[in-house]
Amino acid sequence: MKKTDRSVFAGRAASSQKIRLYTSSRGPPGAAKDVTLMVNKIICGDCLKVLPELGKAKMIFADPPDNLGVKYEGFEDQWESDGEYLDWLSAVTHLGMRQSRIFWLSYYWRWDFPLKAELWRMGIDGRGWQDRWAVKPYVWWYTFGQHNKNDNGSCFRPMLRFKKIGAQIYPDAIREQSARQRNNDKRANPGGRVPGDVWDGVWQESRVCGSFKEKRKWHLNQHPEAIIERMVKLSCKPGDLVIDMFAGTGTANRVCRRLGIDCIGIEISKFYCEKIAEETGAQLVII
Ligand SMILES: C[S@@+](CC[C@H](N)C(=O)[O-])C[C@H]1O[C@@H](n2cnc3c(N)ncnc32)[C@H](O)[C@@H]1O
């Protein structure tokens with residue numbers, strides 16, 4: 001078991017922790033980044049309670065349970081009704097937006113209908129929201145999707161990006177080989193192209209199958225590092241903070257550690273939290 005810190009969110013300690021989360025990794029302007037000062041934490045608790053206690057992050061990622069009955073360790077993915085699940089998903093979305101400048105939500109395709117209808121009712125559409133947010137739908141199209149020989153199997157997961165107007169993004173950081181480059185077209189930009197809003201491209205972000213090296217066998221559901229890496233590179237620079245509301249196997253912690261970005265994962269299962277701390281060296285915070 002790694003270091004624990006139970007006092008972090010109690011009373012006054014909460015506000016000093018907020019300040020520390022933002023300053024601890026920065027150092028003097030222009031100084032080389034000291035990786036030992038990077039924030040890499042995993043907080044064991046309910047993200048709806050933990051997140052309001054943290055300071056704001058540049059990016060928040062949410063890959064919530066889908067209400068499909070998956071038996072996670074210490075958590076059952078089954079709400080009493082679809083309506084209750086959707087109320088909860090809506091609370092997750094509002095909180096993620098409130099606490100970040102860029103909020104990414106990855107969700108099951110069936111929830112696309114009510115989720116977008118609710119956003120529409122609130123006045124959030126593709127043009128933005130009250131001049132404060134720009135909302136963009138994405139599709140993660142994956143290989144190793146469902147095979148259904150009687151119909152078309154499901155091979156994609158919808159994602160939404162909520163970006164505060166003025167929040168900086170870094171499209172050059174995620175350039176990929178263009179179709180012109182692959183076809184040896186002389187007109188090709190040697191720097192490649194900025195990918196569009198359907199994420200498959202040359203990265204071929206497959207689902208993480210049981211036989212893959214990347215797969216953590218102790219967890220039932222895992223996003224590929226390639227997808228999270230794209231989101232983080234597009235949204236952040238070193239010194240920024242990423243919060244993953246549903247850490248699962250700690251994909252965001254692993255990616256951020258590699259990229260030199262500060263990261264706090266929140267996960268309700270103590271077993272998963274301990275695994276993440278063990279693997280990534282993240283400071284384990286139990287509240
Ligand atoms: C779909 S998995 C996330 C997988 C993760 N994106 C990854 O790549 O490993 C959802 C996770 O959310 C956790 N969880 C469920 N409810 C939670 C809550 N209220 N707060 C924090 N974590 C929660 C579950 O234990 C599960 O590990």
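Let me start at helix 8. The cover over its buried residues includes strand 1 (40-44), helix 7 (251-259), strand 10 and strand 11 (283-286). Before I go on, note that this is a predicted model. Helix 8 itself spans residues 270-280, and its buried residues are Tyr 272, Cys 273, Lys 275, Ile 276, Ala 277 and Thr 280. Some of you will ask about the spacing. An α-helix has 3.6 residues a turn, so residues three or four places apart point the same way.

Take one of those residues, Thr 280, which is found in helix 8. Why does Thr 280 count as buried? Because Thr 280 has 22 C-beta neighbours inside 10 Å, and the cut-off for buried is 20 or more. Leaving out residues up to four places away in sequence, Thr 280 touches Asn 40, Gly 250, Asn 253, Arg 254 and Arg 257. With Arg 257, the separation along the chain is 23 residues, while the C-alpha atoms are 7.9 Å apart. After helix 8 comes Gly 281, with a positive phi near 75°.

Now the wider view. The protein chain has 287 residues, and 33% of them count as buried. It contains 8 helices and 11 strands. Of the contacts with a separation of 6 or more, 65% are between residues 24 or more positions apart.

What is the order of the strands in the open sheet of 9 strands? Reading across, the order is 8-6-7-5-2-9-10-1-11, and the pairing is mixed. Strand 8 and strand 11 are the edge strands, each pairing on one side only. Val 139 stands opposite Val 198 in strand 8.

Helix 6 packs on this sheet, touching strand 2, strand 5, strand 6, strand 8 and strand 9, and its direction makes about 160° with that of strand 2. Is helix 6 enclosed or open to the outside? It is largely enclosed by the rest of the structure, because 8 of its 11 residues, in the run 225-235, are buried. Those residues are Ile 227, Ile 228, Glu 229, Arg 230, Met 231, Val 232, Leu 234 and Ser 235. Besides the strands, helix 7 is among the elements they pack against.

Back to the pairing, with strand 7 (residues 156-164). Strand 7 pairs with strand 6 in the antiparallel sense over 9 bridges, and Ala 134 has Lys 163 in strand 7 as its bridge partner. Strand 7 also pairs with strand 5, again in the antiparallel sense, over 5 bridges. There, Trp 104 has Arg 161 as its partner.

Now the nonpolar core. The largest one has 54 residues, and Val 242 and Ile 243 have the most contacts inside it. Setting aside neighbours within four places in sequence, the contacts of Val 242 include Ala 57, Met 59, Phe 61, Val 232 and Cys 263.

Last, the ligand. How many residues surround the ligand? There are 20, and the closest are Asp 63, Phe 246, Gly 248, Thr 249 and Thr 251. Helix 2 (47-50) and strand 10 (262-267) are the elements that give two or more residues to this shell. By class, the shell has 9 nonpolar, 8 polar and 3 charged residues.

That is everything I have; thank you.

Terms used. Residues are numbered from 1 along each chain as its sequence is written. This is a predicted model: local features need pLDDT of at least 70, side-chain atom pairs count only at pLDDT 80 or more; totals for chains, interfaces and linings use all residues. A residue is near a molecule or strand if its C-beta atom, placed from the backbone, lies within 6 Å of it. Helices (H or I, at least four residues) and strands (E, at least two) are DSSP runs, numbered from the N terminus. Ala, Val, Leu, Ile, Met, Phe, Trp, Tyr, Cys and Pro count as nonpolar, Asp, Glu, Lys and Arg as charged, and the others, Gly among them, as polar. A nonpolar core is a set of buried Ala, Val, Leu, Ile, Met, Phe, Trp, Tyr and Cys residues joined through C-beta atoms within 7 Å. A residue is buried if 20 or more other C-beta atoms lie within 10 Å of its own, exposed if 12 or fewer, and partly exposed in between; C-beta atoms are placed from the backbone. Two residues are in contact if their C-beta atoms, placed from the backbone, lie within 7 Å. Two strands pair if DSSP finds at least two bridges between them. Axes are lines fitted to C-alpha atoms, for helices over the stretch in contact, and angles run from 0 to 180 degrees between N-to-C directions.
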